[in-house]
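Here is a short briefing on backbone geometry, helix packing and the chain interface. Keep the structure open while you read.

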Amino acid sequence: MDATDLARWQFAITTVYHFLFVPITIGMSLIVAVFHTAWVRTRNPEWMRLAKFFGKLFLINFALGLVTGIVQEFQFGMNWSDYSRFVGDIFGAPLAIEALLAFFLESTFLGLWIFGWGRLPEKLHATTMWLVHIGTVLSAYFILAANSFMQHPVGYTYNRASGRAELTDFFAVLTNKVQLVTFPHVVLSAYMAGAGVVMGVALWLMRREAKRAADDAQDVARTDAPMYRRATRIGAVFALVAAVGVIVSGDVQGKIMTEVQPMKMAAAEALYDSVPAGQGAPFSVLTIGSLDGSHANALIEVPGLLSFLATGDFKGAVRGINDLKAEYAQTYGASGNPRVADVATAFVPNIPTTYWSFRLMIGLGMATVAIALAVLWLTRKGRTPTSKWMAYAAVAAPLLPVFANSFGWIFTEVGRQPWLVFGLMTTANGVSPGVSMGEVITSMVVFTLLYGALAVVEIKLFLHYVRKGAEPFEEPQEPADRDEDAPLVFAY
Amino acid sequence: MDLATFWFIVLGVLWTGYLVLEGFDFGVGMLLPVLGGKRYASDAVDAEKRRRVLLNTIGPVWDGNEVWVLTAGGATFAAFPHWYATLFSGFYLPLLLILVALILRNLGFEYRHKRPEAQWKARWDQAIFWGSLVPALLWGVALTNIVRGVPIDANKELTGNLFTLLNPAGLLGGLVFVALFLTHGAIFIALKTDGKIRHEARQIAERVGVVAAVLAVALLLWIGVTDGKLASWVTTVVAAVALLGGLAANRAGREGWAFIGTAVTIAMAVATYFLVLFPNVMPSSTNPAWNLTIDNASSTDYTLKVMTIVALVFTPIVLLYQGWTYWVFRKRLTVKHIPEDAPLETVSH
């Protein structure tokens, strides 16, 4: 293990961790904004209680997403300074614009939302959460544009004199074809994660309330169970609608990936030998044995599916790892580009990781869909089921889509290896030359321990607030009617 | 003026925005155990209420204030990739400490009030205090070192380690930032609160302000004597006058003017730093030929043009809505505005 490996592990740990909170933030900000607006429109107290309740959970999650995001912006320079020098002319702009357009919007209006109860007029107050949501989506757009450049560089030229990639067309970077499918795929997947949290939490509380009512021989309709039932169904519907978009965008993404990064598609299936047109490459759902091409035994195989995912045709040709390796060695290994020299012939990512993360992404996403459908079915016509399976589903509903998000990123980033910027620079060439092994180890240990401890604190706090449930309703006063010296409605 | 120089100025503005705004947040955080401690509070209940008043003065705005440094970081990356790369990889451990401090401090603000237990609150109070002190100190050390020059080699890489930065001038820079932010924060508290706490904050500003003035003048003279130019001397004098004026206004009970005074002091200190730096962005103490300059560290004209358009369109919008937030939360706070803490709830499982 050298400094490059450590820097990679550190990036992996901090990014995967950061991205546990980000999809929930994107998805929940939308749902909280919907609840808040529903309250302002209908004056039904349930909406306000739900907006405040899920707003609190949202904030507990947001806080960690925010602080771990700061680390990301610093990390490019700290651990990947040669990368930063090489692509800063292109990569820096979306990052700076993300801060200016998105971060300011999110954080300023979130402050207004948190402290706005009783201080802002109601409609304006509900609008602040919509602006927070818009901020999260804008943030996703710019950071994904930066990432898409790494997958498929466009709008640049290589300047031999300055030795770096330089921007020639910013619009091309923002409308990179990889970006145009990745953005909807990621944002809709984030909606699934946010919806999963709402669905799971509300389902758990619905079951608890309904059970308590049954134990005390009370009428369920007079408890909070119907309110949580409504919330869990809203979560399920959000998840299902988003899932349709995730599937459609993911399908297009697969085809574009096959076009611009064929090795990644081959790695998704561990397909070593090319399959010519007319034959149809199968997709293995599960495999035992090794994935090194020698003796993989697919347990379940869907004929022609890989061809369809890659080309849209069940009989389409799919190129395998061996052919692509030879082709990459020809194109890039012999190109004389000093930022490729170290790999010469090894242009293959880690196959078991790409193979399994691809399946886990799809599988966990599908499982989320199944849970959402089951929730809608089991809670139909006012039902509030209390079986223990509801509790299991409640725990699974948030976790499955969040981890599906993680595996999607693990797939796409590991599948890009050994490239840092596809075709231009390998990962080993991007690392900071002046940073010592000791420094990287120090920061990795510090971040890992800190993040671990914070995860424990966060989850405990989150569960504490889930158990408390929604606060009872209090009729709010318009700011103008409030006494100047009255205690604030909300304060730290 | 070429675009790269324009972006050098923009960075000066971003750092000014950050240090003026987050400067008082840091000050409030550092004063939390003082103004909310035994010396001023009558008992534990009063101390808790006072701490909550302090935290609520910055509650709605600290997060937006912090984005200024993220924007400064992003803008450095976009406009001066070599500056970003050399600085962030070279100042590795101080930046790590700053990150850890900011993480703990931000979570302190968000999580402290979410549980009623005294121990929970006390721990997050520690996080807020250290999380405010450490970045205040280290930003001072880091920025002062940048201005004074650091060992950069022919490959634009920094040689040396954490202790290279802990030289007398760097440490003095750190102390100046801490003292200035304490003064700035105390005046902010006086401006945003009423009753006892307001007067006590003013007293603190008066005392710490003198220390800040002495240290800041010493630092700016030191930097001026070694690397000063006419323009930087002008800003140094303005900084000194603004600080003395601010302290006089504070003494006279004119908190608004006092706050403007310390804000101008911080702005002029940043201006002095940037004027001394110009036309370098990170001078090399090893060999002047290896200086990172506006010229050799910047992005292409095309990138700078794109960035300029975006900045000119969106910065005024950001300033408007951020300014509006301060207007919304303009009311002075006192202990009576603090809602009663929820009683210890019994958690049902």
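A:A270 counts as buried, because it has 22 C-beta neighbours inside 10 Å and the cut-off for burial is 20 or more. The model is predicted. A:A270 sits in the loop between α8 (262-269) and β3 (283-288) of chain A. Its phi is near 55 degrees, a positive value in a residue other than glycine.

**Backbone exceptions**
- Most residues other than glycine have a negative phi, and most peptide bonds are trans.
- A:K381 also has a positive phi without being glycine; the value is near 50 degrees.
- A:K381 is found in the loop between α11 (351-378) and α12 of chain A.
- In chain A, the peptide bond from A:Q417 to A:P418 is cis, with omega near 5 degrees.
- A:P418 belongs to the loop between α12 (388-414) and β5 (419-421) of chain A.
- In chain B, B:F278 and B:P279 are joined by a cis peptide bond with omega about 0 degrees.
- B:P279 is in the loop between α11 (255-277) and β1 (280-282) of chain B.

**Helix α2 of chain B**
- This helix covers residues 44-58, 15 residues in total. It reaches 22 Å from first C-alpha to last, close to the expected 21 Å.
- Its buried residues include B:R50, B:R51, B:R52, B:V53, B:L54 and B:L55.
- The buried residues of α2(B) pack against several helices of chain B, among them α1 (3-35), α6 (118-148) and α9 (196-227).

**Packing inside chain A**
- Helix α3 (residues 81-115) and helix α4 (residues 122-151) of chain A have axes that come within 8 Å and cross at roughly 165 degrees.
- The two helices α3(A) and α4(A) are therefore roughly antiparallel. Their crossing is left-handed.
- The residues of this contact are 23 nonpolar, five polar and two charged.

**Where the chains meet**
- 58 residues of chain A contact 65 residues of chain B.
- Which element gives the most to the side of chain A that touches chain B? It is α3(A), with 23 residues.
- By class, that side of chain A has 35 nonpolar, 13 polar and 10 charged residues.
- α3(A) packs with helix α4 (residues 81-90) of chain B at about 145 degrees, with axes 8 Å apart. This crossing of α3(A) and α4(B) is right-handed.
- Residues in the contact include A:R85 and A:D89 from α3(A), and B:H82 and B:F88 from α4(B).
- The contact of α3(A) with α4(B) has four nonpolar, six polar and two charged residues.

Methods:
Residues numbered from 1 in each chain as written. Chains lettered and ligands numbered in written order. Predicted model: local features only at pLDDT ≥ 70, side-chain atom pairs only at ≥ 80, totals over all residues. Helix = DSSP H or I, 4+ residues; strand = E, 2+ residues; numbered from the N terminus. Expected span 1.5 Å × (residues − 1). Buried ≥ 20, exposed ≤ 12 C-beta atoms within 10 Å, placed from the backbone. Contact = placed C-beta atoms within 7 Å. Axes fitted to C-alpha atoms, helices over the stretch in contact; angles between N-to-C directions. Parallel < 35°, antiparallel > 145°, perpendicular 65-115°, else oblique. Left-handed = near helix turned anticlockwise from the far one by under 90°. Nonpolar A, V, L, I, M, F, W, Y, C, P; charged D, E, K, R; others polar.
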